[in-house]
Amino acid sequence: MRVAVIGGGISGLPCAIQILEYFKSISSPIEVTVYSEAYSPNTTGDGSAGLWGPYLLGRTSPDRVRRWSKRMHDFLEQIWLTEDAAEAGVCLIPCMRLSTSTLQDNDFWKDIVYGCQPLTQRQLDDFNKGKENKFTCGIHFITYTSEPAKLLPYLMKRFEKQGGKMVQQRIDNLEEFLSNSNFEAIINCTGLGSKECVKDCEMYPVRGQVTRYKANWIYYVILDESDDGNYIIPNCDSVVLGGTHQVNDNNTNVCPNDKKLIIDGCRKIVPGLAHATHLYDWVGLRPGRDCLRLEVERAGKKILIHNYGHGGSGVTLAWGCAADVLELLKRELQIRHLTKSKL
Ligand SMILES: Cc1cc2nc3c(=O)[nH]c(=O)nc-3n(C[C@H](O)[C@H](O)[C@H](O)COP(=O)(O)OP(=O)(O)OC[C@H]3O[C@@H](n4cnc5c(N)ncnc54)[C@H](O)[C@@H]3O)c2cc1C
């Protein structure tokens, strides 16, 4: 069995690993090759803080999002319990989601994280003391960050160690590549690249700008869920201050106005940041789509499975989506096998 995964970002690598590990576990011959225009540290995921939490997923069914994100949470829990946690950038972290209006009702994930509770009025009053922004409601819970700048190299190492191959190459047209190559299955995980390589005009960029500070005294996440609210997410060696979500904006340059809004907004929440050291700014384009696409497009002799359009949740859904990709591949192979044996 020869499989090609196109796209070596946070959606592609877990597919490559799960396919390779599954076929090896049943002692079935398998060759998995990842083709990617770029790898870590040059993918969209690399600049993100990697906080677990479904975000910007359009009309994607909450049931599917729940299943995928729960699976990733379980995967992170497994890593966190091993000595690999530091290398993979997986940290257990307390979070507060606050708002000056009302919080969106995202009940479906609240039992996946640990100990989710509303903040009491007393806690809100204490938090608001001396601050301009008066938060009127909030919740707190514990979840994981899996910093992609560490998680991606960890996944690449795991894949290569088991014999997986990685090629740096852009694939302009997936259908042509499928027809002209001797791969039996192709998994498309090209994110925003799907706009071109499979001509998906439903794909659009959601620009995100962030700023990184050295502030190793911040140990918890604060998310201001008000419109255009800021967020503060600690990673292993820096703290991510965010952020923007500009739909249909392709500009990958740092915008000084956005930078000011981010820094001023975060300082209002944590005034001590005024004394912290600025490290760098970063811009990435989230792969936006009204509905995440995870489906088989072409079955039969050659299989084409899509897994893209993860919006602001590519890290959160990575392991769960890859598990579904593997199930689809297994199902397609079984159908092929049955059809062959009937002939
Ligand atoms: C500022 C910011 C903060 C974020 N924070 C979080 C967060 O805290 N938690 C979270 O879950 N998500 C977060 N995200 C979202 C997350 O980064 C994305 O959802 C995720 O990166 C999507 O992963 P992907 O692998 O599908 O796409 P990408 O990361 O874009 O990877 C696509 C890969 O495909 C390759 N490729 C593309 N086209 C081709 C082609 N034609 N041929 C060959 N290779 C190709 C690319 O080189 C790349 O390697 C954030 C995003 C931004 C911008």
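Hi everyone, let me open with arginine 289, which counts as buried at 10% relative accessibility; buried here means under 20% relative accessible area, exposed means over 50%, and partly exposed is in between, with a 1.4 Å probe and protein chains only. A word on the source: this is a predicted model, where local features need pLDDT of at least 70, side-chain atom pairs count only at pLDDT 80 or more, and totals for chains, interfaces and linings use all residues. Residues are numbered from 1 along each chain as its sequence is written, and side-chain values use heavy atoms, with hydrogens and water left out.

So what does arginine 289 pair with in a salt bridge? The partner is glutamate 202, with the closest N and O atoms 3.7 Å apart. By salt bridge I mean a side-chain nitrogen of Lys or Arg within 4 Å of a carboxyl oxygen of Asp or Glu. Glutamate 202 sits in the loop between helix 7 (194–197) and strand 8, and arginine 289 in the loop between strand 13 and strand 14 (293–298), so the pair ties together parts that are 87 residues apart in sequence. Helices (H or I, at least four residues) and strands (E, at least two) are DSSP runs numbered from the N terminus.

Across the whole structure, the search finds 24 salt bridges. Another of them joins the side chains of arginine 170 and glutamate 37, at 3.3 Å from N to O. This pair links distant parts of the chain, 133 residues apart: arginine 170 is in the loop between strand 6 (165–168) and helix 6 (174–180), and glutamate 37 in the loop between strand 2 (31–36) and helix 2 (62–80). Both ends are partly exposed, with arginine 170 at 38% and glutamate 37 at 48%. Arginine 170 also forms a salt bridge with aspartate 172, where the closest N and O atoms are 2.7 Å apart. Together, Glu37, Arg170, Asp172 and Glu196 are linked in a network of salt bridges.

Now, on to the ligand. How many residues surround the ligand? There are 36, and the closest are Ser11, Ala38, Thr44, Gly311 and Thr316; a residue is counted if one of its heavy atoms lies within 4 Å. By class, the shell has 11 nonpolar, 22 polar and three charged residues. In that scheme Ala, Val, Leu, Ile, Met, Phe, Trp, Tyr, Cys and Pro are nonpolar, Asp, Glu, Lys and Arg are charged, and the others, Gly among them, are polar. Strand 8 (204–214), strand 13 (277–288) and helix 9 (314–342) each supply at least two shell residues, and strand 13 gives the most, with four.

The backbone takes part too. A backbone N or O atom of alanine 38 lies 2.8 Å from a ligand oxygen, a polar backbone atom of glycine 314 is 2.8 Å from an oxygen of the ligand, and for isoleucine 10 the distance is 3.2 Å.

Last stop, helix 1. After the helix comes serine 27, whose phi is positive, near 55°.

How values were computed: Polar contact = N/O pair within 3.5 Å; in protein donor to acceptor, adjacent residues only side chain to side chain.
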